[in-house]
Amino acid sequence: MSKTLGVPTPDQATYMLRAASEDAGRTYKRQLLDLLDLRPGHTVLDVGCGPGTDLPALAERVGASGRVIGVDQDPAMLATARERTAAVDTVEIREADAHVLPVAPGTVDRAKIDRVLMHVRSPAEVLAQLHTATRTGALVGLVEPDWDTLAVDSEDLETSRAFTRYTTEKVVRHATVGRGLARLAVQAGFRIETTITNAPLFTDFEHGDHTLGLGRNMQQAIAEGHIDRTRGEAWFAGLARGPFYASFTLVTVVCSRP
Ligand SMILES: C[S@@+](CC[C@H](N)C(=O)[O-])C[C@H]1O[C@@H](n2cnc3c(N)ncnc32)[C@H](O)[C@@H]1O
């Protein structure tokens, strides 16, 4: 076997910044910022801002008269976000849980939440918080994957399917929230403006392994008895030999607050 299971734990902040700088990350993020129609003077909220990936771009679009508030619950992420935005006066970083947003009601013109709802306890409660935080006419951008659509090429298609099923059922809390974004947003009182999908493509094994947790999650699936060890290890070794192909659907919904 040229590659065996056992992936080291990644530095999450570095990984998120790297992922955002790659083609798939850049494309959907630029689309989202364009759809949000950010204007000078806007107050914009980035919920689950992570290492501050998008804060500089948001600050640039709202200008010196605008304000950017980045919220995350992870102090390590926020430390990186503070470092990255130290020179930008209009950016404020707040440590908080998305279920209790630290902003005054009706004060936000634009908000975004990018790959966060899949992790939170209650996506519906977070959307209700966003509804409270935003002004009438505000635009809110939601981006989430649909992990049920994860397609990994292998001669052993059954194990690829078992891996996807394990990811959706055991690894990610709300693995299919992407396809439900419009429904959830309407239930929270928003109006849907735009729905688009992107399909991030991975043709580099190391990148796919890191981002999709192929080795890490396969190892867990084997340890928990969901996938046979011999089969899982052979599957992973086959992926490492390449050529590698994996993709999934990423859903973007932009909604407005009536
Ligand atoms: C996949 S990262 C995305 C980061 C950023 N939105 C980006 O596009 O790079 C998910 C982020 O959501 C944050 N997060 C998860 N659950 C949260 C919660 N309940 N409240 C606040 N932040 C949360 C994590 O700490 C992490 O920084």
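Which residues of helix H3 (residues 55-62) are buried? They are Leu55, Leu58, Ala59 and Val62, where buried means under 20% relative accessible area, exposed over 50% and partly exposed in between, with a 1.4 Å probe and protein chains only. Welcome to a short tour of this predicted model, in which local features need pLDDT of at least 70, side-chain atom pairs count only at pLDDT 80 or more, and totals for chains, interfaces and linings use all residues. Residues are numbered from 1 along each chain as its sequence is written, and side-chain values use heavy atoms, with hydrogens and water left out.

**Helix H3**
- Seen down the axis of H3, the buried residues fall within an arc of 100°, so they line one face of the helix; the arc is that of the directions from the helix axis to the C-beta atoms.
- Helices (H or I, at least four residues) and strands (E, at least two) are DSSP runs, numbered from the N terminus.
- The cover over the buried residues of H3 includes helices H2 (23-36) and H4 (75-85), together with strands E1 (43-47), E2 (67-72), E3 (91-95) and E4 (108-114); contact means heavy atoms within 4.5 Å.
- Just after H3 comes glycine 63, with a positive phi of about 70°.

**Helix H4**
- Met77, Leu78, Thr80, Ala81 and Thr85 are the buried residues here.
- Down the axis of H4 they fall within an arc of 160°, so they line one face of the helix.
- Ala76 and Glu83 are exposed on the other side of H4.
- Aspartate 74 caps the N-terminal end of H4, with a side-chain oxygen 2.9 Å from the backbone nitrogen of alanine 76. Such a polar contact is a pair of N or O atoms within 3.5 Å; within protein, one must be able to donate a hydrogen and the other to accept it, and residues adjacent in sequence count only if both atoms are side-chain atoms.

**Histidine 42**
- Histidine 42 sits in the loop between H2 and E1 and is buried, with a relative accessible area of 12%.
- A polar atom of the histidine 42 side chain lies 2.9 Å from the backbone nitrogen of arginine 39.
- Leaving aside residues up to four places away in sequence, histidine 42 touches Asp37, Val62, Gly66, Arg67, Asp109 and Arg110.

**The ligand**
- The ligand is surrounded by 17 residues, the closest being Lys29, Gly48, Thr53, Asp72 and Arg115; to be near, a residue needs a heavy atom within 4 Å.
- An oxygen atom of the ligand lies 2.7 Å from a polar side-chain atom of threonine 53.
- A polar backbone atom of alanine 98 is 2.8 Å from a nitrogen atom of the ligand.
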